[in-house]
Each structure stands twice: as structure tokens, then as C-alpha cells.
Amino acid sequence: MADRYDFGNLSPIEFEGLCIDLLAAETGLLFERFSEGADRGIDGRHSRAGGDIILQAKHYKGSTWDDLQTAAKKEAPKIAALNPTEYYFLTSQPLTPDRKDILVGLLDHPSVAASRVRGRTEVNSMLTDHPRVERQNIKLWLSSAAVLQHVLTHDISVLTTAYTADIDRILKVYVANPSLAASNQILGASHNLIISGPPGVGKTTLSKIIAADHIEAGYQLVAVGSIEDGQRAFAHDEDFKQLFVFDDFLGKIRLDQAKLADQDTRIVGFMNMLRRNPNKRFILTTRAYIWHGALIVSEALDDHRIKLSEIVLDLGHYTRELKARILYNHLYHADIDQRAVEALLDGPTVAKIVDHPHYMPRIIEAMTEGIGQQGIAPEAYPAHFLASLDRPDEIWRKPFRQHITEAARIMLYCTYFSEPISWSDAAVSIAKLRPFFEKALICFGAVSAEGLRTVMFEDTLRELKSSFVAIDRDRLDFINPSVADFLSREALDPNVVRAVAAAAPRWDTVIGVWNRAREATAAGAAVARIVLDRCVAGAIEGRLPLHKLAEVIGPMVLLTGGHEICATMRGRGADQIYWINEAALPTLIGDLLEGNMPDCPMPAPSGGFCDAGCWPISKRIATTSWSSKSCPRWPRT
């Protein structure tokens with residue numbers, strides 16, 4: 001019968017801790033643990049008057065039987081010096097009776113007996129005898145093949161599949177810390193958990209660990225992109241266990257106030273509904289600065305019951321030991337040149353990384369993936385790692401500017417500006433990305449219209465795959481969230497937003513570009529002019545409801561004086577630009593009469609339009625003094 005665990009997801013340090021827990025449970029004795037470093041052959045020790053009991057655990061990735069024999073030979077003189085009364089040698093390698101006898105001979109001490117030399121099968125047997133130890137080591141059983149299969153194949157939606165897609169990778173590098181117990185306590189008490197914190201501190205990782213734990217406990221996982229998704233999936237059977245997860249529920253990079261205004265009371269209502277149901281749970285994650293901004297503008301969220309559901313993750317949750325373990329786990333499972341890892345471990349660099357003021361799990365993750373060492377010689381990797389902590393943007397800036405082609409950079413811009421598949425799933429559709437990218441190549445001047453070739457899209461995807469992006473069937477996402485963080489600054493270059501605005505194929509993407517361009521004041525007017533011209537020319541795919549179009553076009557008209565768009569919208573072909581949602585008309589008319597549409601910079605009497613067809617002015621501006629000179633084409637009501 002196959003062993004339940006092969007312990008492949010555990011690092012040597014974690015395997016060592018597991019063995020200490022198991023031996024302590026078996027013997028009923030307390031064992032000392034020691035910090036990393038020269039251990040004199042002691043992984044665990046129980047001291048007593050009659051002589052010490054010593055434990056040594058051996059677990060190395062890819063090690064062979066020859067490697068294990070070599071390691072046993074090296075332990076022999078240490079055992080002689082320690083002279084324990086009992087010596088336990090546990091390994092994750094499978095052992096036969098003959099191999100156990102060979103190891104006893106190599107260890108060569110009276111304290112070593114065949115019954116105390118235990119391989120993978122015996123360690124699995126100890127776990128069966130001590131289920132409490134197994135349960136305490138969450139990373140062990142959550143990473144088992146059976147549990148992972150259950151997590152990844154239970155009846156879930158496409159969004160939930162995307163949410164759980166990298167659970168295996170997360171479990172390899174995860175290090176249990178106090179935030180897990182605190183989060184489970186909050187979730188158990190209020191059935192709701194809001195995980196907030198700075199970018200890259202581990203919010204999504206924590207939520208996925210909790211989610212995997214709940215799936216194993218019989219909960220159905222439902223990852224949602226809106227409260228409406230949660231309401232549709234909500235099972236009214238009170239005995240049916242469900243865990244809802246809303247990742248980055250207030251936006252991924254910045255607070256989306258429009259969505260917040262539409263969602264906040266619904267979010268609170270959904271949380272209250274789950275609070276009353278013993279078998280429902282809800283996890284929400286958000287960046288700290290977005291959460292604080294939401295509390296300022298939303299009375300619904302600024303409620304004491306909501307605040308009781310919050311846990312704030314920050315570096316205070318990570319002791320020096322936890323930081324070291326996170327780094328060690330990432331290095332142990334890193335898919336980079338092993339010589340670079342050895343260069344990092346050989347010297348003072350590890351301590352400098354752990355104690356660095358910019359230490360962040362996301363930076364550790366990025367630097368131990370393939371891109372973190374790309375183009376860097378193994379001996380230069382330690383200095384490169386520290387430089388990346390000094391200047392976190394350098395993780396992506398140098399590869400972005402020097403290691404990839406112009407076409408690849410343009411594709412990353414397009415990916416950043418593309419509308420996501422859903423609010424909480426940042427991945428974009430590859431099919432929708434293609435026309436955007438091909439138009440952008442021309443708008444950026446990278447290729448002429450005549451020179452465009454269809455193979456450019458596939459070639460560029462291959463160039464970026466596994467370095468900047470991950471591809472799953474028709475989904476493309478950044479390989480690490482820090483790529484989006486980097487592009488959120490890089491993509492606001494005026495030249496970039498102008499070219500992207502000229503290439504964006506659909507209204508959803510155009511609106512996203514415009515919203516970001518408004519933050520870069522140098523490009524706002526230029527982008528508005530580009531969008532208005534494309535709108536007049538009918539070059540933007542899709543239509544918007546009239547009330548949404550008014551919210552977008554109004555500020556652009558006022559910023560540029562592009563009044564001709566108003567006549568175009570009122571004239572022939574208007575149905576190609578917008579459609580009327582009759583249910584929203586009363587609200588739109590009310591906004592027009594009340595002056596709640598975007599502010600006009602040209603003061604005018606209350607409730608009026610300028611002759612160009614500008615949107616109505618707000619009450620604030622309407623109360624200011626007005627002169628006919630303020631708008632040369634006034635009046636028109």
C-alpha cells in the first residue's frame with residue numbers, strides 16, 4: 001500500500017519539526033528545538049539524568065540512497081561525542097530492513113537500534129497513531145494528493161477554479177504563523193473575516209490556506225466577484241456548509257468608489273445574513289489603504305460589527321524566525337539555478353534579507369521565481385537580491401526595459417489596461433487581448449499596418465509566458481501581483497496612455513484607460529480628445545447605457561471643449577453609441593434636474609446646459625456667481 005505522504009512539500013526544517021512533534025507524542029516527553037545553524041547533530045533533544053534522547057531528521061529534495069548513507073556517516077562522530085542513551089534517526093526516504101541495518105552500522109553507536117531508525121512508511125504510521133499531530137501540521141495534510149484532488153475537483157465555478165489554481169504552489173512555500181489561528185478565531189466567532197494589509201504581505205495566501213482547510217472540513221468554496229454572485233450561489237439549506245471568498249473586494253490597485261457606492265450596503269447585508277447562519281462563512285481581502293479610504297466614504301462599512309471581523313496583516317505578524325522560514329521555503333522550492341541559491345546561503349546575505357526594512361513576502365516570492373535570477377550570474381545573485389529589496393521596482397524594471405522586446409512591453413501594457421474577466425479575477429481573456437494588442441502595436445509605432453502579422457501575437461505570448469504572465473487555457477494573468485503594481489506606475493507615462501487610448505477596442509477598456517489617465521494630468525486632456533474623436537468615428541466597440549455614457553463623456557467634453565460629440569450623440573446613429581435603460585431614466589432625469597452630473601468648469605445658472613450641450617452643472621457651482629462671458633455659447637436650457 002502506498003504511503004499517504006511523501007513529505008515532498010515540506011522543507012527539511014518543517015520535516016524536522018514534524019518528527020519532533022511525533023516523537024514527543026509517542027514518548028510523552030518534551031523535546032528541545034534549536035534554531036537553524038550548526039546543531040552538533042541535534043535536531044531534537046530530551047535531557048534527563050540518565051542520559052539524553054537525541055533525534056536527527058534527514059529530508060532533502062531529490063536525495064538518493066547514496067546521499068542518505070553519506071549523511072549517516074557524517075553523523076557517526078557527532079553521536080560518539082554526544083553519547084546519548086537513545087538515538088532516533090528519521091528520514092523521508094523509504095527504507096527496507098536491509099537498508100535500516102546498513103544505517104545502524106554506519107551510525108555505529110549503542111544508542112542506535114533498528115527500531116529507532118525509521119523511514120517514510122514508519123513516519124506515516126506514526127502520523128496514523130497520532131492524528132492530533134497530523135491535524136496540527138496543516139501544511140502536511142493540506143498538501144497531500146488526496147486533499148489537493150478534493151480541493152481542485154469539488155463542484156465549483158470557473159472563478160473558484162481560478163482562485164484555487166495555485167493552491168499547490170502556495171502550500172509548498174507557506175509558513176504557518178499566528179495570523180492563521182487569529183483569523184480562524186474571528187471567522188468562527190462572527191462567520192465573517194476581512195483580511196486587510198499592505199500589498200504583498202500575504203492576504204490572498206492566508207485566505208487560500210483558510211479556504212483549503214474549510215474545503216477539507218466539508219465546506220463548498222464559492223469565489224465571488226460581486227455580492228450578487230454570492231446571493232445567487234447561497235444555499236438556503238442551513239445545514240449546507242459554504243465558504244464565500246471575495247478577493248480584493250474594493251479593487252485591486254485603487255478604491256473603485258463607483259462600485260463601492262453600488263456594493264457597500266449589499267456587502268454589509270450579506271455579512272449580516274451569514275453572521276446568523278452557523279454553517280456559512282465569508283472571507284474578504286483588501287489592501288489597507290483601499291480599506292481605510294472605503295471607511296471614510298461608506299457609513300455602511302464603518303460599523304463596529306464590521307470592524308470586529310477585520311484582521312490587519314502587517315510585518316508585525318512576522319518574527320525574525322518566520323521571515324527566515326519564508327525565505328528558506330521559497331529558496332528550497334525555487335526553480336532557479338541551484339548555484340545561485342548556494343551563493344545566497346553561503347555568507348551573510350540571508351541575515352541581511354531577513355532584517356531588511358523592505359522585507360515583504362511578495363518580494364521574496366518574485367526574487368525566487370525564474371524572473372528574479374534571469375540574466376544574473378549565480379555569484380551576483382546575493383547582491384542582486386539585496387538591491388531588489390533596496391529598490392523593489394527593480395525586480396521588474398530591468399527585465400521589463402532590457403530583457404524583453406518592445407512588442408512584449410506593449411502586450412503587458414494591454415494586459416494591464418484590459419478589463420478583467422470579473423471584478424475579483426484579474427485574469428484577462430486571451431481572445432479579447434489579441435485585437436487590442438495588434439492595434440496597439442500600430443499605435444505605439446512598433447509596426448506599420450502593412451507589416452502586422454498574426455504570428456506576432458503568439459510569438460509575444462511565448463516570450464512572456466512564465467516570466468511575466470501565466471496562461472491557463474484562454475486566461476492570461478500576471479505571474480505575480482507585483483507586476484501589476486509595477487505597471488500601475490509605468491503605464492501612467494503620458495505617451496503610453498495616449499497610445500493605449502487610441503488602441504483600446506471596447507468601451508470597458510476605454511473607460512479604464514480614461515480613469516487612469518485622469519490621474520496623470522499631463523495626459524488626461526489628450527486621452528479625452530482621442531476618445532471623443534474615436535467615439536465620433538464609431539471606432540469603439542459596444543454600447544453603453546445612456547446614463548453611464550453621460551458619466552464618462554461629460555467630463556471629457558468639459559475638459560476638451562469637444563462639444564461636437566453632443567450633436568453626434570443626438571443625431572443619426574446614436575443607437576450605435578448608447579442604449580437607453582428605461583429603468584434608469586428616472587434616476588438620470590433626476591440627476592440632470594438636480595445637477596448631480598459631473599461638474600462643468602464653466603459656471604452657469606442652476607439646472608442649465610450651455611449651447612454646446614454640456615452636461616448640467618452641480619449645485620455647488622450653480623450657486624456661484626455667473627457671467628455670460630463664462631460660456632460664450634450660453635444660453636440654452
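Guide: Happy to. The sheet is open and has 5 strands, paired in parallel in the order β7-β8-β9-β6-β10. Its edge strands, β7 (220-223) and β10 (310-312), each pair on one side only. From one strand to the next, the twist averages 20 degrees. Helix α11 (residues 203-216) packs on this sheet and touches β6, β7, β8 and β9, and its direction makes about 170 degrees with that of β9.

A few words on terms and source. Helices (H or I, at least four residues) and strands (E, at least two) are DSSP runs, numbered from the N terminus. Two strands pair if DSSP finds at least two bridges between them; contact means heavy atoms within 4.5 Å. Axes are lines fitted to C-alpha atoms, for helices over the stretch in contact, and angles run from 0 to 180 degrees between N-to-C directions. This is a predicted model, in which local features need pLDDT of at least 70 and side-chain atom pairs count only at pLDDT 80 or more, while totals for chains, interfaces and linings use all residues. Residues are numbered from 1 along each chain as its sequence is written, and side-chain values use heavy atoms, leaving out hydrogens and water.

Back inside the sheet, β6 (residues 192-197) and β9 (residues 280-287) run parallel and are joined by 6 bridges.

D248 is not a glycine, yet its phi is positive, at about 50 degrees. For background, most residues other than glycine have a negative phi. D248 is buried (under 20% relative accessible area; exposed is over 50%, partly exposed in between, with a 1.4 Å probe and protein chains only), and its own value is 11%.

N83 also has a positive phi, near 50 degrees. That residue is found in the loop between α2 (65-82) and β4 (86-91), and N83 is exposed, with a relative accessible area of 52%.

Finally, N329 in helix α16 (residues 320-332) is buried, at 2% relative accessible area. Leaving aside residues up to four places away in sequence, N329 touches S11, E14, K139, K172, V173, Y174 and V175. As for Y174, its backbone oxygen lies 3.4 Å from a polar atom of the N329 side chain.

Note on methods: A polar contact is a pair of N or O atoms within 3.5 Å; within protein, one must be able to donate a hydrogen and the other to accept it, and residues adjacent in sequence count only if both atoms are side-chain atoms.
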